[in-house]
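Dear colleague,

Please find below the structure that I am handing over to you. My findings follow it, for use in your own work.

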There are 2 protein chains.
Amino acid sequence: MRATLYGGPRDITVGDRPDPRIEQPTDAVVRVLLGCVCGSDMWYFRGQSPHALGPIGHEFIGIVEDIGDQVSTLAVGDLVIAPFLWCCGQCRPCRTGWPSNCVNGGSFGNHGHDGGQGEAVRSPYADATLVKVPGHDHDQQTLRSLLALSDVMCTGHHAAVSADVRKGQTVAVVGDGAVGLCAVLAAHRLGADRIIALSRHPQRQQLALEFGATDIVPERGEEAVQRIKDLTDGFGVDAVMECVGTGQSMDTAFGVAAVGSIVGAVGVPHDVVVPITSMIFRNIGLRGGVAPARKYIPELLPDVLTGTINPGKVFDHETELDHVLDAYQAMDERRAIKSLVRI
Amino acid sequence: MRATLYGGPRDITVGDRPDPRIEQPTDAVVRVLLGCVCGSDMWYFRGQSPHALGPIGHEFIGIVEDIGDQVSTLAVGDLVIAPFLWCCGQCRPCRTGWPSNCVNGGSFGNHGHDGGQGEAVRSPYADATLVKVPGHDHDQQTLRSLLALSDVMCTGHHAAVSADVRKGQTVAVVGDGAVGLCAVLAAHRLGADRIIALSRHPQRQQLALEFGATDIVPERGEEAVQRIKDLTDGFGVDAVMECVGTGQSMDTAFGVAAVGSIVGAVGVPHDVVVPITSMIFRNIGLRGGVAPARKYIPELLPDVLTGTINPGKVFDHETELDHVLDAYQAMDERRAIKSLVRI
């Protein structure tokens with residue numbers, strides 16, 4: 001089969017890989033329909049973080065092509081969503097709602113495992129990992145939103161859940177990448193009344209408004225903090241979603257957090273120093289991390305299927321597999337919010 | 001009146017102060033029955049943190065001696081508990097459950113305001129601040145436990161609430177000071193099944209067991225982490241209460257926290273670096289801060305009055321006002337868990 005391969009910073013090619021086969025009785029092989037590029041892929045694309053060489057791409061939807069003898073909830077031909085990490089469903093983290101921290105888990109498209117930017121993927125623990133999508137003949141927009149459930153929408157939702165976003169609140173989202181935009185959508189879905197999105201990019205501002213943002217703040221850093229304080233009678237917001245992971249974005253998040261609120265953080269941290277003293281004196285919490293996508297997909301799926309939420313709108317750039325390098329470059333150059341890769 | 005005065009590190013004396021009087025119509029004057037020394041008083045006693053010179057002591061119970069014209073819920077002769085911070089009851093933090101962050105608030109026994117280690121105290125915003133204790137002729141043990149509600153028990157409870165301690169959980173408490181011991185009691189009250197207390201001091205171990213601890217870990221640092229991992233099948237605990245505030249105690253707290261758990265921290269931070277990357281990759285949260293005692297006192301009071309909880313047992317040393325220096329020295333030298341000052 002053909003698959004996207006990482007050869008080092010900015011070295012993204014399409015090459016041949018062995019066709020995946022059932023190796024364990026709990027495996028499934030999935031023929032990929034749609035894959036995409038994650039904001040976190042930019043870190044290694046730009047050489048800012050290490051990544052194993054070989055197949056990449058951890059987000060995909062596809063059709064089950066083969067199943068092992070012990071797979072009981074899936075059948076050949078099923079449309080499935082893969083969360084970006086596989087999980088066993090049996091260990092303590094899985095049983096307590098943290099499949100993303102499964103002790104037997106791993107990431108698609110890393111350490112030599114098939115990636116979602118390739119033609120097919122072997123999924124370990126298929127029953128526990130893959131989520132079957134009911135219904136047939138889903139339109140393209142629905143398929144794109146189903147793909148968004150693989151990671152980005154679940155990660156935005158995790159920011160909102162971690163920040164304890166509740167009905168009627170005033171909240172802020174730091175970061176206008178695809179995750180930040182999905183956090184806006186998640187906060188809107190959870191009933192936040194006023195959603196302040198930090199963005200200086202017209203297209204992202206527009207999508208934030210479509211997703212439910214009520215206020216756009218184009219300022220950054222201290223100026224953004226002051227602007228949001230001004231918008232909230234000086235008190236800050238009831239919940240903050242931090243969807244970047246840099247020192248500045250985290251400072252902004254804590255700067256706009258009201259007394260007693262929580263910063264829900266889902267960005268991979270780079271040069272972040274947590275302001276512990278002001279957290280303690282102002283009773284501000286910090287939660288979040290790698291999203292338990294496998295737990296969230298079944299909860300969010302009905303809203304996608306009914307069209308209540310359309311997270312697939314974050315895909316504003318599209319390539320075929322052969323042009324996958326362009327998918328990366330478009331995001332690197334901020335020409336795209338998020339690139340879809342049609343397999 | 002006579003009151004304890006801070007003159008600088010280790011300089012604790014009893015001197016004369018003007019008798020407090022009603023200054024605002026919302027004030028009350030309280031004749032102090034019992035005061036005490038807080039673990040946080042040790043920071044300035046030892047010269048490790050600054051503190052205003054003058055009257056000190058932020059925990060007390062007493063009898064209402066006079067009230068302003070606008071005080072409606074208290075009468076002269078009432079027995080009251082003072083939370084360590086006064087609060088207006090009207091501002092946004094007060095209305096949202098964070099009276100400890102009241103924008104009109106302040107601390108008893110600081111910046112020249114009457115302290116609880118003196119004969120009398122003027123309480124601003126008396127209706128919002130002071131909690132009336134029902135009933136009469138409370139015995140000495142009950143009075144000591146009522147005093148504990150002024151700060152230490154509410155702070156231990158805040159550690160447990162912040163860590164989201166729930167029925168049936170396995171939890172750990174880092175710190176065997178009075179707050180840590182109250183956190184054990186709070187976790188027990190909230191239904192934790194297994195409570196691991198870190199303590200190497202026999203008397204504190206004994207009180208931890210009385211308060212509901214099921215396991216005592218005398219090790220510190222990495223050894224303590226390993227021991228608690230061994231006790232929990234390698235996964236760590238469901239909730240951690242951090243009741244010290246040093247870098248080492250915080251490292252231990254994060255080290256024993258299971259995936260998805262929260263560290264509830266109430267120690268004033270000194271040289272703490274929050275391990276943000278492992279937090280994010282393991283979905284471990286951090287919450288806590290200055291306890292909203294005024295919110296918790298009414299919730300905990302019935303359990304004190306029925307004898308269900310006896311947080312007053314943390315007072316294992318007692319002095320008269322004239323010997324208040326000894327109350328400090330006993331805690332400084334770890335001869336006492338917590339010193340009561342009889343006024």
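Two residues are taken to be in contact if their C-beta atoms, placed from the backbone, lie within 7 Å. On that basis, and bearing in mind that this is a predicted model, Val240(A) touches Ala163(A), Val171(A), Ala172(A), Val174(A), Ala253(A), Val256(A), Ala257(A), Ser261(A), Val263(A) and Gly264(A), leaving aside residues up to four places away in sequence. The largest nonpolar core comprises 242 residues, and within this core Val240(A) and Val240(B) touch the most other members. In general, nonpolar side chains tend to be buried together in soluble globular proteins.

As to the relation between the chains, chain A is superposed on chain B by a rotation of 180° with 0.0 Å of shift along its axis, at an RMSD of 0.0 Å. The two copies are therefore related as by a two-fold rotation axis. Within chain A, Leu286(A) has the C-alpha nearest that axis, at 2.6 Å from it. Both copies use the same surface, in that 100% of the contact residues of chain A recur in chain B.

The contact itself draws 27 residues from chain A and 27 residues from chain B. On the side of chain A that touches chain B, at least two residues each come from helix 2 (92-95), strand 15 (257-265), helix 10 (276-282) and strand 16 (285-288). Helix 10 of chain A provides the largest share of that side, with 6 residues. Sorted by class, this side of chain A holds 15 nonpolar, 9 polar and 3 charged residues.

With kind regards

Conventions. Residues are numbered from 1 along each chain as its sequence is written. Chains are lettered from A and ligands numbered from 1 in the order in which they are written. This is a predicted model: local features need pLDDT of at least 70, side-chain atom pairs count only at pLDDT 80 or more; totals for chains, interfaces and linings use all residues. A nonpolar core is a set of buried Ala, Val, Leu, Ile, Met, Phe, Trp, Tyr and Cys residues joined through C-beta atoms within 7 Å. A residue is buried if 20 or more other C-beta atoms lie within 10 Å of its own, exposed if 12 or fewer, and partly exposed in between; C-beta atoms are placed from the backbone. Copies are superposed by least squares on the C-alpha atoms of residues with pLDDT of at least 70 in both. Helices (H or I, at least four residues) and strands (E, at least two) are DSSP runs, numbered from the N terminus. Ala, Val, Leu, Ile, Met, Phe, Trp, Tyr, Cys and Pro count as nonpolar, Asp, Glu, Lys and Arg as charged, and the others, Gly among them, as polar.
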